[in-house]
Amino acid sequence: MALVDADYKFLWIDVGSDGSSNDASIYNGSELKEGLESPNNIFNLPEEKSLPGDDVPVPYYIVGDNAFGINKSPMNPFPIRNMEHHDRIFNYRLSRARRVVENAFGILAHKFRVFLRTMNQRPGTCRKIITTCVILHNLIGLRYPATHNNMMDLEEQNLNVIPGAWRNDKVLLDVYHERARNTGTQEGRQIRRYLGHYFTSKAGSVPWQDKMIL
């Protein structure tokens with residue numbers, strides 16, 4: 001499990017959990033969750049800030065999927081049942097941002113082919129290999145960013161997605177993820193509801209979003 005920034009760089013990783021563990025249980029037992037929810041702000045997160053064209057303070061949050069409970073830190077999509085227009089727009093905008101995370105993992109595996117097959121080493125050795133590959137991925141992206149550009153998804157002017165080279169690694173797309181739904185908080189749901197309305201407002205909308213959810 002990993003936390004990735006907008007430049008495809010891994011900021012935090014958790015390596016070595018049991019294969020039977022689902023995403024929710026790994027996150028719930030992680031130092032990441034503990035730090036994000038710490039009242040002492042041990043991660044030195046930025047203070048809440050209003051979005052462009054609005055005056056409502058919004059916390060910085062992590063883009064996630066439904067394995068992570070809705071909270072003020074991890075933000076996940078609306079359930080697909082009975083979605084209103086602003087719910088669908090929010091899910092599109094969140095999914096578009098989450099594509100960066102998918103690409104980071106894809107670029108990592110495309111570059112280090114050991115991730116595309118079963119590792120036959122001992123668990124401790126596997127942890128060292130994975131951690132080393134993540135560090136090298138970050139260094140390569142920092143020193144030779146063009147190598148990432150050649151592998152990641154791109155968008156044409158009409159916003160159609162050109163699949164990155166990593167998506168040709170069929171094995172990576174077939175990986176099965178054990179998932180479990182996490183519980184959420186009322187505060188997280190309120191922030192998500194606000195963001196859904198903001199993304200459909202004049203201040204927060206983008207011209208192409210309605211076309212993309214049709």
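Two residues are in contact when heavy atoms of theirs lie within 4.5 Å. The model discussed here is predicted.

**Helix packing**

By that criterion, A104, I107, L108 and K111 of α3 meet C133, V134, H137 and I140 of α4. Six of the residues in this contact of α3 with α4 are nonpolar, one is polar and one is charged. In general, the packing of two helices is described by the angle between their axes together with the distance between the axes. Helix α3 covers residues 85-111 and helix α4 covers residues 123-143; their axes are 10 Å apart and form an angle of about 105°. Angles of 65 to 115 degrees count as roughly perpendicular, and α3 and α4 are therefore roughly perpendicular to each other.

**Overall form**

The secondary structure of the protein consists of eight helices and eight strands. Its C-alpha trace spans about 50 × 45 × 35 Å along the principal axes. For 214 residues, a compact globule would have a radius of gyration near 17 Å, and the 18 Å of the protein agrees with this. Of the contacts between residues at least 6 apart in sequence, 60% join residues at least 24 apart. Buried residues account for 36% of the 214 residues. The protein exposes about 13300 Å², of which carbon and sulfur atoms supply 52%.

**Loop residues**

Most residues other than glycine have a negative phi. In the loop between α2 (31-36) and β3 (49-50) lies N41, whose phi is positive, near 50°. The loop between α2 and β3 also holds N44, with a positive phi near 55°.

A further asparagine, N71, is located in the loop between β5 (62-63) and β6 (74-75). The relative accessible areas of these loop residues are set out below.

| Residue | Relative accessible area | Class |
|---|---|---|
| N41 | 33% | partly exposed |
| N44 | 65% | exposed |
| N71 | 15% | buried |

Buried means under 20% relative accessible area; N71, at 15%, is therefore buried. Exposed means over 50%, so N44 at 65% belongs to that class. The value of 33% for N41 means that this residue counts as partly exposed.

Which residues does N71 touch, not counting residues up to four places away in sequence? With those sequence neighbours set aside, N71 touches E37, T185 and G188.

Conventions
Residues are numbered from 1 along each chain as its sequence is written. This is a predicted model: local features need pLDDT of at least 70, side-chain atom pairs count only at pLDDT 80 or more; totals for chains, interfaces and linings use all residues. Side-chain values use heavy atoms; hydrogens and water are left out. Helices (H or I, at least four residues) and strands (E, at least two) are DSSP runs, numbered from the N terminus. Buried means under 20% relative accessible area, exposed over 50%, partly exposed in between (1.4 Å probe, protein chains only). Axes are lines fitted to C-alpha atoms, for helices over the stretch in contact, and angles run from 0 to 180 degrees between N-to-C directions. Angles under 35 degrees count as roughly parallel, over 145 as roughly antiparallel, 65 to 115 as roughly perpendicular and the rest as oblique. Ala, Val, Leu, Ile, Met, Phe, Trp, Tyr, Cys and Pro count as nonpolar, Asp, Glu, Lys and Arg as charged, and the others, Gly among them, as polar. The radius of gyration is taken over C-alpha atoms; the globule rule is 2.2 Å times the number of residues to the power 0.38. Accessible areas come from the Shrake-Rupley method with a 1.4 Å probe; for residues, only the protein chains shown count as cover.
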